[in-house]
Amino acid sequence: GIADAKQKALEERAARQGLEARSPFYGLFLFASQSLNGLWTTTTIQAALAAWLIWLLWRTLAPGAPRWTAYGVQAITAVGSTLPFFAGFAMPDVFAGYIALAVVILVAAWDKLSLWERWALALLLGFCCTVHGSHGLLILGLLGVSAIGALLVKAPSRRLLAPLATLVLVLAGGYGINAAYMKSVQIQTGD
């Protein structure tokens, strides 16, 4: 009986530790999107986010290009990359690629973005930061690379202040939200 009780306590503790290992925020996104029309809604939202980011990257970094080239970039991405494969998964890993695109857009094209686009990118990055533990580290790494790159090309610091500050705030917010969740798990379970 004692061995069984010890085994049960060990299994319960392992199950509670799983609460800290996975993001409830991606789970909430999955629940909400799949409640509408199943996995297709999740896939459509993830693919639409990718299409928006690619279009925004094209619009800001190639402003003089003919419109048909935007569709060409979308088609090449759809056919020649693994994006459709990962967008079809119900896993937060696809958001790592979205982070890279969003950071490039914010840092390289801040002045070409409307206010709502800046907010949308910041909110998307904040969501990305909460859905997987490694995504905050990716943002941190890209923030460092952006800062070093700006120093190397002697970019005007005033121009980079707003996008880099946005990334710092996104990181702080994402880590704060994840820390609050982990603390709530600790309070509820004692682990």
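Colleague: How do you know that the span of helix α3 (residues 39-61) agrees with its 23 residues?

Modeller: This is a predicted model, and the check is on its C-alpha atoms. At 1.5 Å a residue, helix α3 should span 33 Å, and its end C-alpha atoms lie 33 Å apart, so the two agree.

Colleague: Which residues of α3 are buried, and what do they pack against?

Modeller: The buried residues of α3 are Thr41, Thr42, Thr43, Gln46, Ala50, Trp52, Leu53, Ile54, Leu56, Trp58 and Thr60. They pack against α2 (24-37), α4 (67-80), α5 (83-87), α6 and α7 (115-131).

Colleague: What makes arginine 59 and glutamate 117 a salt bridge?

Modeller: The closest N and O atoms of arginine 59 and glutamate 117 are 2.7 Å apart. The cut-off is 4 Å between a side-chain nitrogen of Lys or Arg and a carboxyl oxygen of Asp or Glu, so the pair counts as a salt bridge. Arginine 59 sits in helix α3 and glutamate 117 in helix α7, 58 residues apart, and the pair links distant parts of the chain. By this rule the count comes to one salt bridge.

Colleague: Why is glutamate 117 called buried, and why is arginine 59 called partly exposed?

Modeller: Buried means under 20% relative accessible area. Glutamate 117 has 6%, so it counts as buried. Arginine 59 has 24% and therefore counts as partly exposed.

Colleague: Why are α6 and α9 called roughly antiparallel?

Modeller: Helix α6 (residues 94-109) and helix α9 (residues 157-189) pack at an angle of about 155°, with their axes 8 Å apart. Angles over 145 degrees count as roughly antiparallel, so the term applies to α6 and α9. From α6 the contact takes Val103, Leu106, Val107, Ala108 and Ala109; from α9 it takes Arg159, Leu160, Pro163, Leu164, Thr166 and Leu167. By class, these are nine nonpolar, one polar and one charged residues.

Colleague: Where does arginine 159 lie, and what is it in contact with beyond its neighbours within four places in sequence?

Modeller: Arginine 159 lies in helix α9. Leaving those neighbours aside, arginine 159 is in contact with Val107, Ala108, Ala109, Trp110 and Asp111. Its relative accessibility is 25%, so arginine 159 counts as partly exposed.

Colleague: What makes leucine 36 exposed?

Modeller: Leucine 36, in helix α2, has a relative accessible area of 66%. Exposed means over 50%, so leucine 36 is exposed. Leucine 36 and valine 94 are 58 residues apart in sequence and 21 Å apart in space, C-alpha to C-alpha.

Colleague: Why is glutamate 12 called partly exposed?

Modeller: Glutamate 12 belongs to helix α1 (residues 2-21). Its relative accessible area is 39%, between the 20% and 50% limits, so glutamate 12 is partly exposed. The C-alpha atoms of glutamate 12 and alanine 62 are separated by 55 Å, at 50 residues apart along the chain.

Colleague: How many helices and strands does the protein have, and what box do its C-alpha atoms fill?

Modeller: The protein has nine helices and zero strands. Its C-alpha atoms fill a box of roughly 75 × 40 × 25 Å along the principal axes. Of the 191 residues, 31% count as buried. Among contacts with a separation of 6 or more, 73% come from residues 24 or more positions apart.

Definitions and conventions: Residues numbered from 1 in each chain as written. Predicted model: local features only at pLDDT ≥ 70, side-chain atom pairs only at ≥ 80, totals over all residues. Heavy atoms only, no water. Axes fitted to C-alpha atoms, helices over the stretch in contact; angles between N-to-C directions. Helix = DSSP H or I, 4+ residues; strand = E, 2+ residues; numbered from the N terminus. Parallel < 35°, antiparallel > 145°, perpendicular 65-115°, else oblique. Contact = heavy atoms within 4.5 Å. Nonpolar A, V, L, I, M, F, W, Y, C, P; charged D, E, K, R; others polar. Expected span 1.5 Å × (residues − 1). Buried < 20%, exposed > 50% of the residue type's maximum accessible area, 1.4 Å probe, protein only.
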